[in-house]
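Student: I have a model open and would like a close look at one part of it. Could you take me through that part slowly, and then show me what lies around it?

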Amino acid sequence: MDKSMDKYLEKAEVLIEALPYIQRFNRKIIVVKYGGSAMVDEELKRNVIADVTLLKLVGFKPIIVHGGGKEISKWVEKSGMTPKFINGLRVTDEQTMEIAEMVLNRVNKSLVQLVEQLGVRAVGISGKDGGLLNVEKKYSDGQDIGFVGDVKSVNPKILYDLLEKDFLPIVCPIGMDDDYNTYNINADDAACAIARAVNAEKLAFLTDIEGVYKDPHDPSTLISELRIEEARGLIGSGFIGGGMLPKLNNCIEAIENGVSRVHILDGRIPHCLLLEIFTNKGIGTAILGDNESRYYHENE
Ligand SMILES: Nc1ncnc2c1ncn2[C@@H]1O[C@H](COP(=O)(O)OP(=O)(O)O)[C@@H](O)[C@H]1O
Ligand SMILES: CC(=O)N[C@@H](CCC(=O)OP(=O)(O)O)C(=O)O
């Protein structure tokens, strides 16, 4: 055969490899938590949005829940304040809350714009819309951290309505309490609560590290499959720190509450979402229930 045909054959093989996954996830909800470095770099941002748009176009029902912590910190500093975090959560006074809401809404609409440019209808909402995220004030180890919300309940009706009308929902992590006060929610917490409420088939956290390491100082200890009990053990061992701690706790909570598979992916790798979903190998760390494998079986 003509040598020049090889690269086309390779492309065809990639598509064939994707076929069972396209069938498996047809009409299934996939929640993508988008944050960290992949949000700051414009090219990576376009890649992530292109991937999610492709998922939508091949028949999945993706929902994006985004962060924007780095952008919020930039504007907090521009306002002459110093960003402050306790256990990974932003200490959010009234002025910081105002900045966070403005920044997150702006980020939200910029993501809508990118999706729309690719020809898919997107709707950007916050947890305030349609009563999506109802919160109560959160304390961190008993400390008052201001307007930080703990998700108490999720009303997913607005998401189901948007999905039914074929929109791609894009959600920013702001919510209200019973008295209609505005709260800042950690985007991982918001994504986990939403994935649980809609019984998502998959929850993927795009972050700025390869996945979970047994030892964060040794990249050769990257974990490909992590079962809930092992994850608890790792947390107990003290090897999980920083923002990975709440992330992993959210992963455990999601699996225990009906989300089938949870993934921590390196958002710095172009098209990490497609590589995880459409290839037999998968990447990053998959967090699984006790009897699950990260690879799907023919008879599942
Ligand atoms: N065992 C570990 N494995 C992987 N990452 C870890 C581990 N312990 C701590 N971390 C830190 O957690 C960070 C990811 O959390 P975070 O910065 O909150 O992500 P994001 O901003 O995407 O939500 C990594 O960049 C890493 O520095
Ligand atoms: C309470 C709290 O910490 N809220 C976060 C919300 C944004 C976020 O989580 O953004 P990333 O996912 O990009 O980190 C914050 O203010 O930074």
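At what angle do the axes of helix 3 and helix 4 cross, and within what distance do they come?

Tutor: Happy to go through this with you. Please keep in mind that this is a predicted model. The axes of helix 3 and helix 4 cross at roughly 135° and come within 9 Å. Angles over 145 degrees would count as roughly antiparallel and 65 to 115 as roughly perpendicular, so helix 3 is oblique to helix 4. The hand of this crossing is right-handed. On the helix 3 side, the contact is made by E71, I72, W75 and V76, and these meet T96, I99, A100, V103 and V107 of helix 4. Sorted by class, the residues of this contact are seven nonpolar, one polar and one charged.

Helix 4, residues 94-117, also packs with helix 2, residues 42-57. Here the axes are 9 Å apart and the angle is about 60°. That angle makes helix 2 oblique to helix 4, and the crossing of this pair is right-handed. If you select side chains, look for R46, I49 and T53 in helix 2, which meet L111, L114 and V115 in helix 4. The residues of this contact divide into four nonpolar, one polar and one charged.

Helix 3, spanning 69-78, supplies at least two residues of the shell around ligand 2, and so does strand 4, at 89-90. There are 15 residues around ligand 2, and the closest are G35, G67, G69, R90 and A187. The class make-up of the shell is seven nonpolar, seven polar and one charged.

In an unreviewed entry, the annotation "binding site" covers G68, G69, R90 and N184. These positions are spread over 117 residues of sequence, yet they cluster in space, with a largest C-alpha distance of 11.8 Å.

M244 gives us a way to move on to another helix pair, as helix 8 covers residues 244-256. Its partner is helix 7, residues 228-237, and the two axes come within 10 Å and cross at roughly 155°. Since angles over 145 degrees count as roughly antiparallel, helix 7 and helix 8 are therefore roughly antiparallel to each other. This crossing is left-handed, whereas that of helix 3 and helix 4 is right-handed. Helix 7 contributes I228, A231, R232 and I235 to the contact, while helix 8 contributes L245, L248, C251, I252, I255 and E256.

To finish, here is the wider setting. The unreviewed UniProt entry assigns residues 28-266 to "domain: Aspartate/glutamate/uridylate kinase". Over that stretch the chain is 38% helix and 28% strand, and the C-alpha atoms at the ends are 23 Å apart.

How values were computed. Residues numbered from 1 in each chain as written. Chains lettered and ligands numbered in written order. Predicted model: local features only at pLDDT ≥ 70, side-chain atom pairs only at ≥ 80, totals over all residues. Axes fitted to C-alpha atoms, helices over the stretch in contact; angles between N-to-C directions. Helix = DSSP H or I, 4+ residues; strand = E, 2+ residues; numbered from the N terminus. Parallel < 35°, antiparallel > 145°, perpendicular 65-115°, else oblique. Left-handed = near helix turned anticlockwise from the far one by under 90°. Contact = placed C-beta atoms within 7 Å. Nonpolar A, V, L, I, M, F, W, Y, C, P; charged D, E, K, R; others polar. Near = placed C-beta within 6 Å. UniProt positions renumbered as here; feature names shortened; annotations may be inferred.
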